[in-house]
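Please look over the sequence and the structure shown here before reading on. The report then goes through the model one part at a time.

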Amino acid sequence: MKNYQIVLMSVISFAVAYGILSGSVPSHYFAGELNELGCAVIALSMGMLSLFGIDWKGFFNWLVK
């Protein structure tokens, strides 16, 4: 994957996790409170783990250009 795709996936994952944790996502989508918390943890994990896939050397070179 390209760096911008990974960064976009990370930002979207963090936005979904923030939406779930802040309560802006309606709770009728989830079967219970633990299901809602589990989805938030999965979204946070996906956001954090996607940051490990970024080619940081190439990313910083892209910012300098």
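## A residue between buried and exposed

At 47% relative accessibility, A15 counts as partly exposed, because that class lies between buried, which is under 20% relative accessible area, and exposed, which is over 50%. The model is a predicted one, and in it A15 has its place in helix 1. Although A15 and L44 are 29 residues apart in sequence, their C-alpha atoms are 9.1 Å apart in space.

## Helix 1

Helix 1 comprises residues 3-22, and its length can be checked with a simple calculation. At 1.5 Å a residue, the 20 residues of helix 1 should span 28 Å, and the C-alpha atoms at its ends are 28 Å apart, which agrees. Just after this helix comes G23, which takes a positive phi of about 95 degrees.

The buried residues in helix 1 are N3, I6, S10, S13, A17, G19 and I20. One of them, I6, has a relative accessibility of 8% and therefore counts as buried. When residues up to four places away in sequence are not counted, I6 touches M1, S50, G53 and I54. For S50, which is 44 residues from I6 in sequence, the separation in space is 6.2 Å from C-alpha to C-alpha.

Y4 also has its place in helix 1, but at 54% relative accessibility Y4 counts as exposed. The C-alpha atoms of Y4 and I54 are separated by 8.8 Å, while the two residues are 50 residues apart along the chain.

## Helix 2 and its two faces

Helix 2 is made of residues 33-51. At 1.5 Å a residue, its 19 residues should span 27 Å, and its end C-alpha atoms are 28 Å apart, which agrees. Within helix 2, the buried residues are E36, A40, A43, G47 and S50. They cover an arc of only 105 degrees around the axis, and so they lie on the same side of helix 2. The face turned away from this buried side carries the exposed residues L34, I42 and L49.

What do the buried residues of helix 2 pack against? They pack against helix 1, and A40, which lies in helix 2, gives an example that can be followed residue by residue. At 1% relative accessibility, A40 counts as buried, and, leaving aside its neighbours within four places in sequence, A40 is in contact with A17, I20 and L21. The C-alpha atoms of A40 and Y18 are separated by 7.8 Å, although these residues are 22 residues apart along the chain.

Which residues make the nonpolar surface patch? The patch, of about 500 Å², is made by L21, L34, L37, V41 and L44. Helix 2 gives the most to this patch, with four residues, whereas L21 has its place in helix 1.

At 53% relative accessibility, L21 counts as exposed, and yet L21 is also among the residues that A40 contacts when neighbours within four places in sequence are left aside. L34, another member of the patch, is one of the exposed residues on the face of helix 2 turned away from its buried side.

Definitions and conventions: Residues numbered from 1 in each chain as written. Predicted model: local features only at pLDDT ≥ 70, side-chain atom pairs only at ≥ 80, totals over all residues. Heavy atoms only, no water. Patch = residues over 30% accessible without salt bridge, like charges linked within 9 Å, V, L, I, M, F, W, Y side chains within 5 Å. Areas by Shrake-Rupley, 256 points an atom, 1.4 Å probe, with all protein chains shown as cover. Salt bridge = Lys/Arg side-chain N within 4 Å of Asp/Glu carboxyl O. Buried < 20%, exposed > 50% of the residue type's maximum accessible area, 1.4 Å probe, protein only. Expected span 1.5 Å × (residues − 1). Arc of directions from axis to C-beta. Contact = heavy atoms within 4.5 Å.
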